[in-house]
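Morning, everyone. Please look at the model on the screen, and I'll walk you through some helix contacts and pockets.

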Amino acid sequence: MGTHNHHHDYNFGEKFQFAGIAKILSLVGIAVGVVAIAFGLLSSDHIMVERTYANLLLMGYYFTCVCAAGAFFLALQFVTQSGWSAGLIRIPQAMASVLPIAAIILFVIVGVGLFTHNLYHHWNADGLTDPDSPHYDALVAGKSAFLNIPGFLIRQILFMGSYSIFAFILAKLSYKEDLEGGLNSYKTSFKLSAIFLVIFGFTTPIWSFDTVMSLEAHWFSTMFGWYNFAAMWVSGIATIVIILVLVRKAGYLAWVNENHLHDLGKLMFGFSIFWTYVWFAQFMLIWYANIPEETVYFYKRWEPEYKPWFWLNIIINFLAPLLLLMDRDVKRKEGIMLFVAILLLCGHWLDYYIMIMPGTVENHRGFGFIEIGTAIGFVGLFTFLVMSKLSKHALAPKNHPFLEESLHHQI
């Protein structure tokens, strides 16, 4: 695709039609999810109920992280004044627009989980902070200034609320730019993005400490926030790749070519390596220092029921992208990129599974209808919401100051 293509060859006003099989499948997915969750929650077996809550937390957190990664992608493009991504910016924008819904769902899951004692019981059980109680836990009592229900819920509202507000405004400004032209929207987006990135950078680690790390309240790792951020970012980019390739296969986004895909491939490759670096740094330092307070985390994950999954996690999330995306040509092929992106999303599901399950269901972990059904439900919900949003506006930001640069992007 040479640089001779000019504006008049492209239909920038085209809209994505979200209908037919894609829409039906997403609704079927949601139905499967509802059945799986109801099946688990209404079970008379307490372990099944707890397992369902653990899966709800896993998918609720994953869903919110991917949408937040969409908002982060937008903000990053504005602050770096990137031109290459202008033609595909509507995809992360649709993801960011869904963030408020994802945030509300996750908030309901953690809230109900707290009050029914199905989640966070390591620090939220009765008597843990009462010195006279037989259940007194000095470690949890020492952390109670931070780990208490009001503080926990207020932080969730502040963090997810601020991300959602920024995501919503950034998407809104871009649609406004379509109508009005000019640089006002872009300049405002630039300023807002700079503020958002600072807030996001400082608060996402604390958000992941609360939402995931506090499931095992005795253990802590200062690396955990960056480890979660890396997982979030890789999953977000993989999701953008999947949506981009499928929407292109449906005959849209003619102005996005293999050069843009190559850039996304480099990000996916690079940040898979970064994820591994943080994962390994956390693991190696704990393994080498061999301090009992720290090793307890990995000790649980080296029990027979988790150990194969523990290593599979590294194979899927590190070895696979390393070997499959190393070559330049591979990053320019839609089919292979789609495969690797789907593989990475499954890999990061497993990554979150290994983070969450030992602190919730411990050795009663399962892999069956509840896990698969909940995952399908959330994938269906994500697809339905994001694709509906994508179909509401033109697929090209026709007044974006760098659109022309994106059309002529070659690497």
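Start with two helices. In H1, Lys23, Ser26, Leu27, Gly29, Ile30, Val32, Gly33, Val35, Ala36, Ile37, Phe39 and Gly40 meet Phe369, Ile370, Gly373, Thr374, Ile376, Gly377, Gly380, Leu381, Thr383 and Phe384 in H14. Contact means heavy atoms within 4.5 Å. Helices are DSSP runs (H or I, at least four residues), numbered from the N terminus. By class, this H1 and H14 contact has 12 nonpolar residues, nine polar and one charged. Nonpolar means Ala, Val, Leu, Ile, Met, Phe, Trp, Tyr, Cys and Pro; charged means Asp, Glu, Lys and Arg; the others, Gly among them, are polar.

A quick word on the model. It is predicted, so local features need pLDDT of at least 70 and side-chain atom pairs count only at pLDDT 80 or more, while totals for chains, interfaces and linings use all residues. Residues are numbered from 1 along each chain as its sequence is written, and side-chain values use heavy atoms, with hydrogens and water left out.

Now the geometry. The H1 and H14 axes come within 7 Å and cross at roughly 140 degrees. Axes are lines fitted to C-alpha atoms, for helices over the stretch in contact, and angles run from 0 to 180 degrees between N-to-C directions. H1 is therefore oblique to H14. Oblique is what remains after under 35 degrees (roughly parallel), over 145 (roughly antiparallel) and 65 to 115 (roughly perpendicular).

Next pair. H3, residues 90-97, packs against H7, residues 149-180, at about 135 degrees, with axes 8 Å apart. So H3 and H7 are oblique too. Arg90, Gln93, Ala96 and Ser97 in H3 meet Ala167, Ala171, Ser174, Tyr175 and Asp178 in H7.

On to pockets. What is the volume of the largest pocket? About 1,100 Å³. A pocket is an open set of points on a 1 Å grid over the protein atoms alone, where a 1.4 Å probe fits, with protein on both sides within 12 Å along at least five of seven lines; lining residues have an atom within 4 Å of a point. Points are joined across faces, edges and corners, and volume is the space filled by probe spheres set on them.

The largest pocket has 36 lining residues, with Ile242, Leu345, Val379, Phe382 and Thr383 nearest its centre. Which helix gives the most to that lining? H14, with 10 residues. The lining divides into 28 nonpolar, six polar and two charged residues.

Last, the second largest pocket holds about 180 Å³. Its lining includes Lys143, Asp210 and Trp219.
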